[in-house]
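Have a look at the model first.

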Amino acid sequence: MTGKRLLLAGAAATCGLILVAPQASAEVEPGGWTSHSPSFSVQERGCGQVDDLTFRLTCSTTSGDQRAERRYATYNGGTHQFEGYFRITAMSGTRISLKQTFRDGSSAGPYFMLAVERGGRLYAVHGGATVADGATVGTQVRVNTVHQVGTSHRTYINGSRRHTYDSPGGSYYDKFGAYRTNSGNGTATVQWSGIKFWRK
């Protein structure tokens, strides 16, 4: 290989590293994050089925507890960031929750729920605000949530900040998968990938 070709190959390799680097450290807010791997449990209720990072609701019932998800360890205080990519591969139902931040302890219950309607609108279940459009079947979407306990909860879609909630103090945990909302129904299949957590 000539010297010129070697130079071009080296430049291409360098460019490749530059393009890949953000995938290895993709925090959406700057400074001071520490990567970690919280423990989780798999939850299947009703017709929910979990196969690694594939989550299915196999029935179209409009009642009952129908969910397939991972429930991560509880955190108290600090700032916590979640990142994951989801792709809906099948969806005959509507209003399926994909990512949740739950309160734990004496005030246990849903605090933030990101859901999708048939057609691809992403919305916040509590309040109904549109977070983004385009989460159609087959489209990969990146989700980041940054939860500063006692201050705010911020949601990013494909790297852009799209939603902010005030946050009271307390204990919380992350969940993701496929979860029938009170006004929704299956069926749906959702594949998640690239799951990461940071804290500071």
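What follows is a chat about salt bridges, a disulfide, and rings.

Student: Before we start, what kind of model is this, and which pLDDT do side-chain atom pairs need?
Tutor: It's a predicted model with residues numbered from 1 along each chain as its sequence is written, and side-chain values use heavy atoms, leaving out hydrogens and water. Local features need pLDDT of at least 70, totals for chains, interfaces and linings use all residues, and side-chain atom pairs count only at pLDDT 80 or more.

Student: How many salt bridges does the structure hold?
Tutor: Side chains of opposite charge can pair when their charged atoms come close. The cut-off here is a side-chain nitrogen of Lys or Arg within 4 Å of a carboxyl oxygen of Asp or Glu. By that rule, the number of salt bridges is ten.

Student: Take the salt bridge between Arg-67 and Glu-69: what is the relative accessible area of Glu-69?
Tutor: Those two side chains meet at 2.4 Å, N to O. Buried means under 20% relative accessible area, exposed over 50%, and partly exposed in between (1.4 Å probe, protein chains only). Arg-67 is buried at 11%, and Glu-69 is buried too, with a relative accessible area of 0%.

Student: How many residues apart are Asp-174 and Lys-99?
Tutor: Their side chains form a salt bridge, 2.9 Å from N to O. Asp-174 sits in strand E15 (residues 171–185) and Lys-99 in strand E8 (residues 94–103), so the pair links distant parts of the chain; strands (E, at least two residues) and helices (H or I, at least four) are DSSP runs numbered from the N terminus.

Student: Is Arg-121 buried or partly exposed?
Tutor: Arg-121 makes a salt bridge with Glu-117, with the closest N and O atoms 3.1 Å apart. Glu-117 counts as buried at 18% relative accessibility. Arg-121 has a relative accessible area of 23%, so the label is partly exposed.

Student: Which way is the disulfide handed?
Tutor: A disulfide is a covalent bond between the sulfur atoms of two cysteines, counted here when the sulfurs are within 2.5 Å. The one in this structure joins Cys-47 to Cys-59 with S to S at 2.1 Å. The torsion about the S-S bond is about -70 degrees, so the disulfide is left-handed.

Student: What angle lies between the planes of Phe-86 and Trp-192?
Tutor: Rings of Phe, Tyr and Trp (its six-membered ring) pair if their centres lie within 6.5 Å; planes under 30 degrees apart are stacked, over 60 edge-to-face, and the rest tilted. Phe-86 is buried at 1% relative accessibility, and Trp-192 is buried at 4%. They form a tilted pair, 5.4 Å centre to centre, and the angle between the planes is 50 degrees.

Student: Which ring does the charged end of Lys-200 sit over?
Tutor: A charge sits over a ring if NZ of Lys or CZ of Arg is within 6 Å of the ring centre and within 35 degrees of the ring normal. Lys-99 passes this test over the face of Phe-82, at 5.0 Å from the ring centre. For Lys-200, at 4.6 Å from the centre, the ring belongs to Trp-33.
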